[in-house]
Amino acid sequence: MVPPSSIQPIKPEELENAKKLSVQELNVLDPDLCKDAFILCRAAITRFNTRSGWWYKACPSCFKQLRSIAHNDELLCPKHNNQIPLPWFKVGLVLEDSTDETNAMIIGKAAEQLFGISCNELVIQQGYTDQQEFPHAILQTRGQFKIFQLRFGSIKTDSNRNDLLIQAVFDEKVQLLESGSEANFVEHQKKNIAAQMLPPTPPLLSKKTPPVSLAVSSNPSSVEPISNSKKKRKLQVKRALLTSLTSKKLKRLEFT
């Protein structure tokens, strides 16, 4: 069904420094200029094309779709005559990021790599024979960001655009730090935790002088001078202290 590609999957050691396109950049590429180029795109699968199904009956030798003969139950391959069919992935999906979305197709081994299971196991062993009923192994990949290596196929889509074929899928590496070592990161986290556990330092309070009230007699005309009122107030405070100390001593003597 799909012509073989001369472009091999990119090596893991080359992946980190290779340029990854956004989906918007992917949508404006010229297929004729990208026949022999690595096309990498970081995106997430948001939905699947359920109308076209998720598997087909393939020739075990060339993986082309087998065709049935009229009034005959046999399935024929254009190259290898009648064959026992092999269930083979063919899943239409939508890749999306914050810039745009695009349609793509994943087939065969690349689909096994993405879904983590073979099509034969899903169909023959687990009994998912309905081509429109998508198994959980496929549906669970929605929303997961991956790095997809793609190439342009020769088939035109409804929008007169070459179809996009997913050639390989790579998991993203979780990077704890943009720069520096993991040890520095751990030490930094410890300091943050310690800072969060310490109580906040209270602000320095300025000493405030208690308000001074003027002693006013019942007769408004007989207001004492400020200096005399201060002396009288000091005496009152001393008397109050002596009285409280004396009462405390008396209480102690009563208890003893």
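How far is the sulfur of Cys62 from the closest cysteine sulfur, and in which residue does that closest sulfur lie? In this predicted model, the closest cysteine sulfur to that of Cys62 belongs to Cys77 and lies 3.5 Å away, which is too far for a bond because a disulfide requires the two sulfur atoms to be within 2.5 Å. By this rule the protein has zero disulfides.

| Residue | Relative accessibility | Class |
|---|---|---|
| Cys34 | 12% relative accessibility | Cys34: buried |
| Cys62 | 22% relative accessibility | Cys62: partly exposed |

The two classes follow from the cut-off, since buried means under 20% relative accessible area: Cys34, at 12%, therefore counts as buried, whereas Cys62, at 22%, counts as partly exposed.

For the protein as a whole, the secondary structure comprises seven helices and nine strands. Strand 1, which spans residues 39-48, is mostly covered, with seven of its ten residues buried. Strand 1 is joined by four bridges to strand 6, residues 86-96, and the two strands run antiparallel; within this pairing, Ile45 stands opposite Leu95 of strand 6.

Across the 256 residues of the protein, buried residues make up 28%. Of the contacts with a separation of 6 or more, 61% are between residues 24 or more positions apart. The protein exposes about 18,600 Å², and carbon and sulfur atoms supply 54% of that area.

Methods: Residues are numbered from 1 along each chain as its sequence is written. This is a predicted model: local features need pLDDT of at least 70, side-chain atom pairs count only at pLDDT 80 or more; totals for chains, interfaces and linings use all residues. Side-chain values use heavy atoms; hydrogens and water are left out. Buried means under 20% relative accessible area, exposed over 50%, partly exposed in between (1.4 Å probe, protein chains only). Two strands pair if DSSP finds at least two bridges between them. Contact means heavy atoms within 4.5 Å. Accessible areas come from the Shrake-Rupley method with a 1.4 Å probe; for residues, only the protein chains shown count as cover.
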